[in-house]
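Dear colleague,

My notes on what was found in it follow directly after it.

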Amino acid sequence: MRSHTAEHLEVLVTEPARLYELLDDAEAMLRQVALPQQSAGILVTRHHPGRYTLALSAAVPFGETREQILS
């Protein structure tokens with residue numbers, strides 16, 4: 001399941017085997033949003049093992065993806 005705005009996506013994982021597929025899909029969606037701006041990279045945050053957020057972040061260089069873990 002996913003919820004999103006133009007610059008932010010939330011990924012809720014109920015099937016662990018699909019984790020990387022869901023994160024890859026969400027990252028690809030954000031890359032499409034970031035491409036015209038070319039001013040932000042993507043920050044992936046793990047809130048807990050089943051909840052992740054992906055957001056465009058000016059703190060991450062364009063074209064890069066960085067991860068942080070809160071739990």
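Leaving aside residues up to four places away in sequence, which residues does Ser39 touch? The contacts of Ser39 are Ala58 and Phe62. Please bear in mind throughout that this is a predicted model.

**The loop between α1 and β3**

Ser39 belongs to the loop between α1 and β3. Ser39 counts as partly exposed because its relative accessibility is 46%, and partly exposed stands for values between the 20% limit for buried and the 50% limit for exposed. Along the chain, Ser39 and Ala59 are 20 residues apart, while their C-alpha atoms are 9.6 Å apart in space.

Gln38 is found in the loop between α1 and β3 as well. Its position is just after α1, and its phi is positive, at about 50°. Gln38 is a residue other than glycine.

Gly41 has its place in strand β3. With a relative accessibility of 2%, Gly41 counts as buried, because the limit for that class is under 20%. Apart from neighbours within four places in sequence, Gly41 is in contact with Ala55, Leu56, Ser57, Val60, Pro61, Phe62 and Glu64. By contrast, the C-alpha atoms of Gly41 and Arg18 are separated by 24 Å, and these two residues are 23 places apart along the chain.

One of the contacts of Gly41 is Ser57, a residue of strand β4. Ser57 has a relative accessible area of 15% and is therefore buried. Beyond its neighbours within four places in sequence, Ser57 is in contact with Ala40, Gly41 and Leu43.

In soluble globular proteins, nonpolar side chains tend to be buried together. Here, the largest nonpolar core has 15 residues, and the members that touch the most other members are Val11, Tyr52 and Leu54. At least two residues of this core come from each of β2 (8-12), α1 (19-37), β3 (41-48) and β4 (51-57). The largest share, six residues, is supplied by α1.

Leu54 is part of strand β4. Its relative accessibility is 1%, so Leu54 counts as buried. Not counting residues up to four places away in sequence, Leu54 touches Glu7, His8, Leu9, Val11, Leu23, Ala26, Glu27, Leu30, Ile42, Leu43 and Val44. Leu54 and Ile42 are twelve residues apart along the chain, and 6.6 Å separates their C-alpha atoms.

Tyr52 has a list of contacts that also leaves aside neighbours within four places in sequence: Leu9, Glu10, Val11, Val13, Leu19, Leu23, Val44, Thr45, Arg46 and His47. Among these is Glu10, which lies in strand β2. Although Glu10 is classed as charged, its relative accessible area is 16%, so Glu10 is buried.

**Helix α1**

Does the length of α1 agree or disagree with what its residue count predicts? At 1.5 Å a residue, the 19 residues of α1 should span 27 Å, and the distance between its end C-alpha atoms is 28 Å, which agrees. The buried residues of this helix are Leu19, Leu22, Leu23, Ala26, Glu27, Leu30 and Ala34. Of these, Leu23, Ala26, Glu27 and Leu30 are among the contacts of Leu54.

**The largest pocket**

Rolling a probe the size of a water molecule over the atoms shows where empty space is left. The largest pocket holds about 240 Å³ of space. Its lining is made up of 14 residues, and those nearest its centre are Tyr20, Leu23, Val44, Tyr52 and Glu67. Two or more lining residues are given by each of α1, β3, β4 and β5 (65-69). Helix α1 provides the largest share of the lining, five residues. Sorted by class, the lining has seven nonpolar, three polar and four charged residues.

With kind regards

How values were computed. Residues are numbered from 1 along each chain as its sequence is written. This is a predicted model: local features need pLDDT of at least 70, side-chain atom pairs count only at pLDDT 80 or more; totals for chains, interfaces and linings use all residues. Side-chain values use heavy atoms; hydrogens and water are left out. A nonpolar core is a set of buried Ala, Val, Leu, Ile, Met, Phe, Trp, Tyr and Cys residues joined through side-chain atoms within 4.5 Å. Buried means under 20% relative accessible area, exposed over 50%, partly exposed in between (1.4 Å probe, protein chains only). Helices (H or I, at least four residues) and strands (E, at least two) are DSSP runs, numbered from the N terminus. Contact means heavy atoms within 4.5 Å. On a 1 Å grid over the protein atoms alone, a cavity is a set of points where a 1.4 Å probe fits but cannot get out, and a pocket is an open set with protein on both sides within 12 Å along at least five of seven lines; lining residues have an atom within 4 Å of a point. Grid points are joined across faces, edges and corners, and a volume is the space filled by probe spheres set on the points. The expected span of a helix is 1.5 Å times one less than its number of residues.
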